[in-house]
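Here is a short report on one structure. It goes from a single chain to the interfaces, then to selected helices and sheets.

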Amino acid sequence: MTDDEQSNDGSERQASLRERFEALPRWQSDLLLIGATLLGLYALMGVLGLVTGLGVSGVTRTLRAVTFLATAYALVVLALNLHWGYTGLFNIGVAGFMAVGAYTMAIATADPDPGPAGVPGLGLPVPVGIALGMIAAGLVGLVVVLPALRIRADYFAIVTLAFAEVIRLLITSGALREFEIAGRELGTGGGAGINFARLDTVIPNWVLYRGGDIEQGTNVLGYQILTLTNAIGIERTMVENWLYTFTMILLVAAVFWLLVRTGNSPFGRMLKAIREDELATKSLGKNTPMVKIKVFVLGCAIMGLAGIFWQGRNGYVDPNAFLPIVTFYIFIALIIGGSGSNTGSVVGALVFVGVLFEGPPYAQRIVRQNVDLPRPSTVYDGVVALGGGDPMPLIGYTVGELPNLRFILFGAILIALMIYRPDGMLGHRNEPASPIDLRRERSPREGLADTASTDGGEVDE
Amino acid sequence: MAMVDIRDSVSGLTLEERFGLLLVAGILIMVLDLIRRLVVGDLAFTSFMTFLWRGLVDGLVIGLAAVGLSMTYSILRFANFSHGDLVTTGAFTGWTAAWVVGGIGAASFGSRILLNADRGTSAREINLHVYAEPLAIVAGLVVAAIGTIIVALVIDRLVYRRMRNAGGIPLLIASVGVALALRYVIVFFYGERTRGPVRSTPTLSAENHAWLIWTDSVAVHQLILVISAIALMIGLHLLLQRTKLGKAMRAMADNRDLALITGIPTERVILATWVIGAGLTGVAGYLIVLEQETLGFNTGWFLLLLIFAAVILGGIGSIYGAIAGGLIIGMADNMMLVWISGDLTRVAAFLLMILILIYRPQGLFGGVETA
Amino acid sequence: MSETEATGVENPEEGAAPLEVSNLRKTFGGVVAVDDTSFSVERGSITGLIGPNGAGKSTTFNCITGVHTPDSGRVVFEGEAITNLNPNQIAGKGLVRTFQIARELSEMTVLENMLLAFENQQGEDLWRSVTPGLRKRVIEEERAFLERVWETLELFEIDHLAHEQAGNLSGGQRKLLELSRALLTDPEMLLLDEPMAGVNPSLEKKLLERIHELKAQGYTFLLVEHDMDVIMENCEHVIVMHQGRVLSEGPPAAIQADEQVIEAYLGGEV
């Protein structure tokens, strides 16, 4: 879009690169875009960190944390994209569905006999807990969407938000802190939360040790991994953390695959059509309520999965992880990437977490490591000093407030996007919904007349 | 025969009507149970009166805030998710003014202007309650309204005005952005700490005041809240009924397209909407703090869904409905304590809102009242 | 054109009226929009439904196609009562409509719009679309659909727009898209709500040619239209509605001479 402003030479090179990028099969260009964003992010954080003296271990630790959070976001953003981006279901109760997943998992896998302080659970194996969590989130989704099928988009939004709050308040309430079902003591733990199986230990242990049990020694793969990491001098906890992060990456890949296939199919076409105009879709004989139910339940199940692997990783959840604001962070990530595009969802999650969410605190760390700024306790002191000719206290206060200032940035970005670029920062991506790449389809007649037709002649806007 | 007749007439009803019937039946049962409990003695009359009074206090303040939300929802046509933060804005601007006026001599200006962000003073030192500093309390009330109006108008100019013709959903999302930005601008200045800017309220005892027939004693700050809220509502009523502007606003809330055709000056009505809506909302925020005695940057955000519930109960666009909805929500939030524990009353309120949105989106009194 | 003939309509009961509307009534909050309306449409005909503004034509359309539920009355299509069915069920029976303001799916390409129309696609089942082994069949079916899409697009001479977003099309092109899309649902009867509104004269001619060709293949048409010339020149049978009721019906010539009709239209204009 800014091509014309650049020199001729540069714009030509850029144009040819762009053409080559667009000539790639869709899955390759998607992966390229995601990979490039990830690498760009790593490079930015890595260089900044090293230059300013965070050290290699500091940088890798940050990168891992960012990667983990980005994958966690990507999971939820993908699910939300299915709801909103594809189908136009304005669900702002995401946090609630994540809570259902995480809490079901917690109650299913928690120790049945936790001692006097803990909350008892069913003590089921972790995979069963994960499956139950997803099913429960999907079922709650069904309960929400069934009555809400026919209401307006903004009412749907309020209904989903209110439902998420109902879920959170129920979890917090004393009534459900401990209860009995069929003679078994169960509970949510109320505001104090609940302890259960630690996913970020259990999963790495499966990879590293025989039968997932550290007592039985390493398995073949584990031996190789641990020998190698030992040699380079990486601690075992670090290895475990990275293994969990890789698990998250695999999960994102699987969900991405699933949703790309869902989107690029006649089913996905119906979703888009419902988003555009439900009555017109109905008038073409499509059973739109059924489609909406299916898609809502599927998305909620994925949100449940995300809740389990994200908030439930430490083997502890409490209601504060599911405040409504979480939903809005996820929305920001989706809108940045451009709703309606799975690739955009992942890129949006990366950019949101890496730049917007983790960026300001990271910047604060770097600045504080390198400059000794005064830290006045209030903005008033800073302003007074500024009046006296010394800007440093005010700057110091602002740097201290960077973690809070990022929320102002979030808000400003949302507003700016809604005013100037409602299609998202990456702009509108043309991803026709079909199992075959429709962009390359040519009319048989045209094919006969002119085989070497100009391709991409109808690039939009 | 009679049974069959009833079944016939029920099956002839629409979903909305059936839901309404069910709701009325539910309320009837609850009222009957309440009377039973009062008669049997399960529920002491004094605690019943306390619930009622607290319901009135909460309901009035929610109703006050709901008026603004209902007006913007119908006239600007979007669900304004930053409305809760306008409540917060009113609370912070108002109490800042109260501290600046009331704390002269007791604390430094730097401490007062940021509501004790430096933790240098306390409400005890400033001794801010209505007997000690009536002027400060009144000044705060006025500034809360003016400050919130200014903030709302600036936001409208910067954001919503550029989006007049955007759909409800883009506007809703933008309002979420406004909510976040506004909330953390407040945090930037005042910090994240929850504070208590008010000194404990003085009380009136029934022994000295014969007109206090329903209770032993009443908090003066609550009394101020009730009186100011009712006064503002009466003022609003007069404005809507007696002035040309009020009529234009009612017409536009009722049917914007029709109003546009008949040549109502849109932008002037929108301006008036923000002035009245934000003013009342700011006052509500200020009064909430006067009553609850705590103030945090999330104060309004946490109330947002309750305010929405009031608006939806009353029917979106209905100003009197919003007040009534607020009172119902306030009453329900307190009266429910008779049956369920305190941490579930809000669940009941939200579930009621969800049911109304699904089965009776025009609100409880939809079609009965306009404006 | 010969290929499309293969997809023409097989007539199950030659002669019987495919669509019968009897005593239809619909009110909105006390205002009667359609009152005791009855008519039937002959098989293989182009029937016009006309009337001054507010006569209840669109409401009648909406009641027939399930967008509104009528307060009372019956709609029978191919001998089957469809009065309380959903729009999608009615479309599934072969009674397909277009809209007064074309409801193209604007952020989807013309190709996507067209592909959506096919009924009972295998890939509309989420499971089949996603599962590796089954997806192959979905792709094969999609290729077959595409062939028909290209044929239809060529027939309507909008194949050069195939990759365009439907929202970028002109008003007339949208009407063509909507009609060709409706055709791909394999309908037996088409209800067209003001198909010529906003269409330029040359496109209008093209659209009418298509409609006549389709009629020759056995499709039945019911169209609401404001343009009197279009109705009088193209319909065999005309139904006139006024104030929610059928005022008169008959061949165009008779309608043009009908005093009541003239008065209704003039009365509307005064």
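## Chain A overall

What share of the contacts in chain A with a separation of 6 or more comes from residues 24 or more positions apart? Such pairs account for 70%, where two residues are in contact if their C-beta atoms, placed from the backbone, lie within 7 Å. This is a predicted model, in which local features need pLDDT of at least 70, side-chain atom pairs count only at pLDDT 80 or more, and totals for chains, interfaces and linings use all residues. Residues are numbered from 1 along each chain as its sequence is written, while chains are lettered from A and ligands numbered from 1 in the order in which they are written.

Chain A has 19 helices and four strands. Both are DSSP runs numbered from the N terminus: helices are H or I with at least four residues, strands are E with at least two. The C-alpha atoms of chain A fill a box of roughly 80 × 65 × 55 Å along the principal axes. Of the 461 residues in chain A, 46% are buried. Buried means 20 or more other C-beta atoms within 10 Å of the residue's own; exposed means 12 or fewer, and partly exposed lies in between, with C-beta atoms placed from the backbone.

## Chain A against chain B

This contact takes 41 residues from chain A and 39 residues from chain B. On the chain A side, α5, α6, α16 (379-387) and α18 (402-420) each give two or more residues. The most come from α6(A), with 14 residues. By class, this side has 30 nonpolar, seven polar and four charged residues. Ala, Val, Leu, Ile, Met, Phe, Trp, Tyr, Cys and Pro count as nonpolar, Asp, Glu, Lys and Arg as charged, and the others, Gly among them, as polar.

## Chain A against chain C

Here 35 residues of chain A meet 42 residues of chain C. The chain A elements that give two or more residues are α9 (236-263), α10 (266-276), α11 (278-283), α12 (288-310) and α19 (444-449). The largest share, seven residues, is from α10(A). This side divides into 14 nonpolar, eight polar and 13 charged residues.

Helix α15 of chain B covers residues 345-359. Its 15 residues should span 21 Å at 1.5 Å a residue, and its end C-alpha atoms are 21 Å apart, which agrees. The expected span is 1.5 Å times one less than the number of residues. Buried residues of α15(B) include Phe350(B), Leu352(B), Met353(B) and Ile356(B). Their cover includes α5 (126-148) and α6 (153-172) of chain A, together with α13 (299-314) and α14 (319-335) of chain B.

Which residues touch Met353(B), leaving aside its neighbours within four places in sequence? They are Ala162(A), Phe308(B), Ala309(B), Ile312(B) and Leu313(B). Met353(B) and Tyr73(A) have the most contacts inside the largest nonpolar core, a set of 304 residues. Such a core joins buried Ala, Val, Leu, Ile, Met, Phe, Trp, Tyr and Cys residues through C-beta atoms within 7 Å. Helix α3 (residues 55-86) of chain A gives the most to this core, with 16 residues.

## Leu171(B)

Leu171(B) sits in helix α8 (residues 168-190) of chain B. It counts as buried because it has 24 C-beta neighbours inside 10 Å. Beyond its neighbours within four places in sequence, Leu171(B) is in contact with Phe78(B), Tyr160(B), Met163(B) and Ala166(B).

## Strands of chain C

An open sheet of four strands runs β2-β1-β4-β5 in chain C, with antiparallel pairing. Strands pair if DSSP finds at least two bridges between them. β2 (31-41) and β5 (80-81) of chain C are at the edges with a single partner strand each, so one side of each has no neighbour in the sheet. Two bridges link β4(C) (residues 72-77) and β5(C) in the antiparallel sense. Val76(C) has Ala81(C) as its bridge partner in β5(C).

In strand β7 (residues 189-193) of chain C, five of five residues are buried. Met189(C), Leu191(C) and Asp193(C) point one way; Leu190(C) and Leu192(C) point the other. β7(C) runs parallel to β6(C) (residues 95-97), joined by three bridges. It also runs parallel to β8(C) (residues 220-224), through five bridges. Leu95(C) has Met189(C) as its bridge partner in β7(C), and Asp193(C) has Val224(C) in β8(C).
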